[in-house]
Every structure is written in structure tokens, then in C-alpha cells.
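Please look at the chain below.

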Amino acid sequence: MRMRAKSRAGLRSGSAGFALAAALMGAVAGGLALAQDAPVSLLPPGFDDPQPTPTPTPTARPNQPSPAAPGATPRPSPTGPTTAPPLPQAPGGAPAPAAPPVSPSELKGLPTLRELEALSTDELDDLLGLKPEYDIPPAARRSLEQVGILAPEEGGFATRSLAAQPPSLVRAVVAGIRGPMVSRWGHILLRRTLASRFAAPEGMDPVEFAALRIAALNTLGEFTVARALAQDIDTGNWNGALTDAALDAYIAASDVAGACPAIRLQGGGREDPQRVMWQAICNAYAGEGALAASQLNIAQSRAIAPEIDLLLAQRYAGAAGRGRGGTRVDWDGAEELTPWRMSLAQAVGEDIPEELLDTALTGADGAYYALAGAANAALPMSMRARYAQTAAARGVFSASALVDLYSRLYALEGASGVEAQAAARLREAYVAPDPATRIAAMRGLWGEGESGFAGRVLTAYAAARIAPAEAQTKAADDLIASMLTAGLDRDAAGWRGVVETGSLGWAMLALADPGARAASRGGIDSFRDADESAGQRRSAFLVAGLAGLGRLPGGSLASWSEEAGGDLTRQTRWSRTIARAAEVENAALVALLAGLGMQGDSWAQMTPLHLYHITAALTRVGLEAEARMIAAEAVARA
């Protein structure tokens, strides 16, 4: 919804004292590199300034001198002796002093001929001052007034949603997003917000704002979206923070060559080993293969990086054409997998040792490698399907994208392994002749933990094909949970007359059904009595979600607090800020603050208090569908 002018001003003044925890107040420094007022000519000096046309003189007759001016000294005949031109005269009439000799100290910084020959075209342009600050014609340069890839008519938020907000508030909120979301639907909402086409808050550098959003998308594992957002800004405008965040996205997307415009434009501003290798790769893809090979050979002789990194860089650079495309990559001595190694290896089709890959996937950064591999079209289908479980559970992959991946895997001749078996089960879940067989196939894909939840995402559309019937009541809870992972709320609502009051399916529909009204007190009590979750978290989330959606059967919020396992009326700085943002109907700010409050690795880190404020604020600003899905997911996964 559009924010009212008066209310927006109230939020600005009401948020002046807002301060998040110190960990969320880190600032990203960076200035905006502005475009030049006019393009820089690439012609040598004098080529774009034509010489004045000389005044024509009368043509002299043969063997006759030109007429001289009165009193002028006759010029010597062309056949006569010639003399040296006169020395230039100083103003006083004396000869001009000779140019001072160049001292050795002035020549000290100049490169030798050998060094000049080794310079790339970009480095030579830098040395001679010929490299333009901008390499994009003025008409093609993009404005920084609005940055993003999702316009309002495409589902993005209003462009000026954050323009009037205090920069300190927006900076603290976006910089505070440093981890995954406990909620799949919360992740989807936050991705949509960060990718929207926004004007930066007044007084905030648009490049800094974009850099913060790209970094946040990277932490969510949305590397392709982060790269697309970076590409919406001309590389000549990138600052240090945006460059670092963008390069992280390019590495995760296995698109090292895609970052070459920025690498070559910025030159050798940062001479860390990775940047040195990157510059050599970019030289290779610019047609300077010999120079690239020389640079990588020098880097290898100086051992600026582990051998495996340099070998992979040589292999990648050699793929640009003639050179070292046949470099043999030896993983001996490599003790771990890094983003750089995975990116280059996947791009050139180099097999990563299984033990390194398994260690990386099960380590602290395992989700990074899974999310980076899931979207890599260069990988085998079976490997992508393995990674896609994490991507689907997190919200990076939609249900339709996951089904498409497994469908292609099923159609792949000779496919085998666990993932191929899952693809066969998925087909049976769609085409088996009777509902019982289809449900049995789905149960083979459902399990515990992240992989089990990914299985429910995979079967969402197959579950929607099961007609509600008393014979399938035992499977209703799982079918409803599966449908809601894809937002199929109306299909799930068809089971309302089938599920038993107080069951898990009933609780999810009480929250997710778009046409539901207040839940019954008896249903809530029955659900709580049968709740076997730790600390009856499901019951607490049910009450908190119903309260946020305005669907409690009656009574004050304080009277329901005990049912929710805590005081839902308690206020924190975060709760007051998100409530104020909802009051002035700023949907984008509410979505960002909701994402800030949903960070964590599991639903055990979510509190009923946070769930209540998130669902209440989202409902108030017109994001009720997202609020319903988040609340139902909380109950299903608690």
C-alpha cells in the first residue's frame, strides 16, 4: 500500500531514537564514483582537434619570386644555401633557455622496455592516462535514482518505499541480515524485498544501499539474484563494498569471467592473490592469452597462492583459447574446498574429489556449497538434485523449479542413484492410477529434517491432485503441509470438511485458509491437548499466528499470552519499530524488519512473540497471504 505523507513523517521522527544491537549497526563505507560530465576521447592528442585551414596564397609564376612587402628583406632563392631556423626568442629578445635535463630520480619510476612489453592493454592505458573513467556511452549509462531488478508492476514494492526513511535505520536493518531465515516463506518475502527497484533513502549513497542489499542476498544464498542486482549498476560506479559483494556473487554463480568488466576497469587496485589470478583470467578472455599465461606462470613461480588455486586458474584461462587449456589439475595437497576452487572447477568441468566435497557439504559452510551448486546448470543433474534439497528447503528453489529439475533427471537415460529413484517416485506420485498408490509414493519422499521438508516441497503439486476424501484422512496432515509449501492454500482449503477438529491439518488450515474466520476455542484446546512438540511449541505458534491474523475466538491478547507460552504484549525495540512501520503502511520496511526477526537455522530459534508481531504487521500492510503461509509453516515445522 502507499504510505500516507503525514504518517511517513511520523515514522521518520519516531524512529530517530531507534537503535538495534551493536552487532546490527555495522556500517558499510563507500563513496559513489560519479560519471564524467563528457566522454573522454580515445583518439591520440590532436586527432579530434582539426588544424585550422591555411589561408590560400597567390601562386607564384615559374622562375619568379613572390612579391615582397615594402621594406622586407628578400628571401633567399630555393636554389641557394639553406640556413638553420632561428632559435626561439624569449620575451626580451634573448634566446629561450634550453629545457632542463631530466634527472635520474624522475626516470626512476618509469617501466623498462621489458616491463612495457609485459603490460596488458588496460595496464598500458592506465600508465599513459588513456583509460577512460567510463567505458559506456552517455546514452547507455544507467541512472542510480532507482536500483533493482523487480519493478512494482512485476511484484516488487513501491519504488519510493524507503526514500523518506532515516538512512541509519535502513542501513542497520539491511546490514543486520546476516544469516538464513527459519521460514521458507520468510526467505521468499525477503528476497522479493531486497530485489525490488528502490530509490535509496534520502541522504544515503545509492551505491552503498545497493552494496548492502547484494551482501544480504549473498548471505541468503541468492547468488544469481545478487549478481543481477550488481549488474543493474554500471561498473564505473562500483565502490569497494559493492565490488566485494558482487565478486562474491560472481564466484558463487561460477561466473568468474562475467566479472571481468569490473576487474579490468578497476585495474590493480587490490593486489591480493585472488585478484591477481582474476586479472590474468580476464586478460585471457580479452584475447591476451600470452600475457595471461605469463602472469600465471609468474604467480606460480612466486607461490602467491596454493598450487591448486593456480592450476585451476590456468585451466580456466586456457579455456579462453590457445594456451594452457590442457593444464592437468592435481588435487593432491588440497586440504579443503573453497568457494574459489569450487567455482573454477565447476566452470571447467573439473571433478572435485568426493572427500573434499563431502567435508565441505557437512561443514559449517555446507549450505553455501549446496546453494551455489544447485543453480549451476553445468553440473550433472544428479548432483544438482542433491544440492537442490537445501535450496528448496531454504526457499531459493520454488516447487515448480524443483519438479522441473527432477523431471529432467527422470528423462535422463542411464540415470541411477538415490536422486534418480526419487525422480521415479515423483513420477508415480503424479501418474499412479489410484490415490493410495500416489500417496505411498509421496511418503517415500517425505522424511525428517531439511531433506524431509524438501520432499514436501517436491510433492506440493502432486498433493494438490489428491481429491479430499474420508478414505485419505490419515494422510491429510502431510498433504496439506505439502500443498502449503507452494502456497496452494485454496487447494488445501478443500480438506476443511475432511480433517478432524484439533488435528494438525485443522490447525494449518485455521491459519492458511484465505476464507477462514475465527478459530474455535474447542479446536485450539483439542490441538493443545494432543500437542507432543517440545514445550508445546506448535500450540504456542498456533495462538501467536491466530492473534497476528486476527482469528482468535475472543478475549484480550493478554488473556491468550499463557496459551502462547509467553507475554504477547511485551514490547522490544524491534517490535515497536515493526508495529510503527505497519501503522504507516510501509510494506517494504515491514518486510525487511520481518526478515530481521526471522533469522536462524531452525524454528527452535523463533519465539511466539516474534511470530505474533510479524504476522500482525504483515497483515496490516496488505501482505496477509505471506503472513498466513509463515504462520502455517511455523505450526507445521515446530
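## A salt-bridge network

In this predicted model, Glu 563 and Arg 521 form a salt bridge, with their closest N and O atoms 2.7 Å apart. A salt bridge here is a side-chain nitrogen of Lys or Arg within 4 Å of a carboxyl oxygen of Asp or Glu. The pair links distant parts of the chain, 42 residues apart: Glu 563 lies in the loop between helix H28 (557-560) and helix H29 (573-583), and Arg 521 in helix H26 (residues 521-530). Salt bridges that share partners join Arg 521, Asp 525, Arg 528 and Glu 563 into one network.

Glu 563 counts as buried, at 19% relative accessibility, whereas Arg 521 is partly exposed at 37%. The cut-offs are under 20% relative accessible area for buried, over 50% for exposed, and partly exposed in between, with a 1.4 Å probe and protein chains only.

## Two further salt bridges

The whole structure holds 23 salt bridges. One of them is between the side chains of Arg 160 and Glu 202, at 3.5 Å from N to O. Arg 160 is in the loop between helix H4 (121-128) and helix H5 (167-175), and Glu 202, 42 residues apart from it, is in the loop between H6 and helix H7 (206-220). Arg 160 is partly exposed at 45% relative accessibility, and Glu 202 is partly exposed at 48%.

The side chains of Arg 386 and Asp 358 also meet in a salt bridge, at 2.9 Å from N to O. This pair is 28 residues apart and connects helix H17, which holds Arg 386, to helix H15 (residues 354-362), which holds Asp 358. Arg 386 has a relative accessible area of 32% and is partly exposed; Asp 358, with 30%, is partly exposed.

## The largest pocket

The largest pocket contains about 800 Å³ of space. A pocket is found on a 1 Å grid over the protein atoms alone, as an open set of points where a 1.4 Å probe fits, with protein on both sides within 12 Å along at least five of seven lines; lining residues have an atom within 4 Å of a point. The volume is the space filled by probe spheres set on the points, which are joined across faces, edges and corners.

The lining has 34 residues, and Gly 449, Glu 450, Phe 453, Ala 636 and Arg 637 lie nearest the centre of the pocket. By class, 16 lining residues are nonpolar, seven polar and eleven charged. Among the helices that each supply at least two lining residues are H17 (381-394), H21 (449-458), H23 (476-485) and H32 (624-637).

## Helix H23

Is H23 largely enclosed or open? Nine of its ten residues are buried, so H23 is largely enclosed by the rest of the structure. The buried residues include Ala 476, Asp 478, Leu 479 and Ile 480. Gly 487 follows H23 and has a positive phi, near 75°.

## The chain as a whole

The chain has 32 helices and zero strands. These are DSSP runs numbered from the N terminus: helices are H or I with at least four residues, strands E with at least two. Of the 638 residues in the chain, 48% are buried.

Residues are numbered from 1 along each chain as its sequence is written. Local features need pLDDT of at least 70 and side-chain atom pairs pLDDT 80 or more, while totals for chains, interfaces and linings use all residues; side-chain values use heavy atoms, with hydrogens and water left out.

Definitions and conventions
Ala, Val, Leu, Ile, Met, Phe, Trp, Tyr, Cys and Pro count as nonpolar, Asp, Glu, Lys and Arg as charged, and the others, Gly among them, as polar.
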